[in-house]
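Me: Could you walk me through how to read a cavity and some helix contacts in a model like this one?

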Amino acid sequence: MIRVLLADDQTLVRAAFAMLVESAPDMEVVGQAGTGREAVDLARAERADVVLMDIRMPGLDGIEATRLIAADEDLAGVRVLVLTTYDTDEHVVEALRAGASGFLVKDTRPADLLDAIRTVAAGEALLSPGPTARLIERFLRSPSAPVTGGPECLSDREREVLTLVARGLNNAEIAEALGLSPLTAKTHVSRIMGKLGARDRAQLVIVGYESGLVIPGTMGG
């Protein structure tokens, strides 16, 4: 069972998401939070697998709550899936930098939301190439340091793999594009994450753009 924590300051929104999540045979709602602080506390208390996190909440917002969860070694297995009203919300970039594993717009189809929870729970990032590219192109203004390393410590092959990760390709697609086995592609991604100190693929996407390895204007989708 995937243990899901809902964090949104609107009670009706939480109730709707709770009904949807509980309708899935492989998921259960383990808590509901109306503020970012409650989300952090419940993530610790309930050992959720995935937190559906609204960005805008009173007091401690979803970005800061995500940062606290991502920075807590005891919560290393907790994945945050950010919910936003618009896919061009500049705060989504900040949430990804803070450690979120992906983002969805709130008008996502119910089946897609459930699939997204499963994807994130499995340790994959949820990144739609089109919206991700638009976000970065529109809002990424100055370099920052979301990870501890830099692309200069990567081999040429690893730089190729990082570029494809940043374009939203999964391991199987990367393997096909570079003529590798899926296992080799997965190994490369894991090694890159280790070198760059990235929590997940979402942070690899951010560093891909911020390092200049991927130029948003050249992206498809």
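**Cavity and helix packing**

Reply: Let's begin with the lining of the largest cavity: Phe17, Leu83, Leu104, Val105, Lys106, Thr108 and Leu113. This is a predicted model, where local features need pLDDT of at least 70, side-chain atom pairs count only at pLDDT 80 or more, and totals for chains, interfaces and linings use all residues. Residues are numbered from 1 along each chain as its sequence is written, and side-chain values use heavy atoms, leaving out hydrogens and water.

Me: How many cavities of 30 Å³ or more does the structure hold?

Reply: A cavity is a set of points, on a 1 Å grid over the protein atoms alone, where a 1.4 Å probe fits but cannot get out; lining residues have an atom within 4 Å of a point. The volume is the space filled by probe spheres set on the points. Here there is 1 cavity of 30 Å³ or more, and the largest holds about 30 Å³ of space.

Me: Which classes of residue make up that lining?

Reply: Ala, Val, Leu, Ile, Met, Phe, Trp, Tyr, Cys and Pro count as nonpolar, Asp, Glu, Lys and Arg as charged, and the others, Gly among them, as polar. The lining of the largest cavity has 5 nonpolar, 1 polar and 1 charged residues.

Me: At what angle do helices α2 and α3 pack?

Reply: Axes are lines fitted to C-alpha atoms over the stretch in contact, with angles from 0 to 180 degrees between N-to-C directions. Helix α2 (residues 36-46) packs on helix α3 (residues 62-71) at about 20 degrees, their axes 8 Å apart. That makes the two roughly parallel (angles under 35 degrees; 65 to 115 count as roughly perpendicular). Contact means heavy atoms within 4.5 Å: Gly36, Arg37, Ala39, Val40 and Ala43 of α2 meet Ala65, Leu68 and Ile69 of α3. By class, these residues are 6 nonpolar, 1 polar and 1 charged.

Me: And how do α8 and α9 cross?

Reply: The axes of helix α8 (residues 171-178) and helix α9 (residues 182-196) come within 8 Å and cross at roughly 110 degrees. The pair is therefore roughly perpendicular. Asn171, Ile174 and Ala175 in α8 meet Pro182, Ala185, Lys186 and Val189 in α9.

Me: Which residues of α9 meet α10?

Reply: Val189, Ile192, Met193 and Leu196 in α9 meet Arg201, Leu204 and Val207 in α10. Helix α10 (residues 201-210) packs on α9 at about 70 degrees, with the axes 10 Å apart. So α9 and α10 are roughly perpendicular to each other. Their contact residues divide into 6 nonpolar, no polar and 1 charged.

Key
On a 1 Å grid over the protein atoms alone, a cavity is a set of points where a 1.4 Å probe fits but cannot get out, and a pocket is an open set with protein on both sides within 12 Å along at least five of seven lines; lining residues have an atom within 4 Å of a point. Helices (H or I, at least four residues) and strands (E, at least two) are DSSP runs, numbered from the N terminus. Angles under 35 degrees count as roughly parallel, over 145 as roughly antiparallel, 65 to 115 as roughly perpendicular and the rest as oblique.
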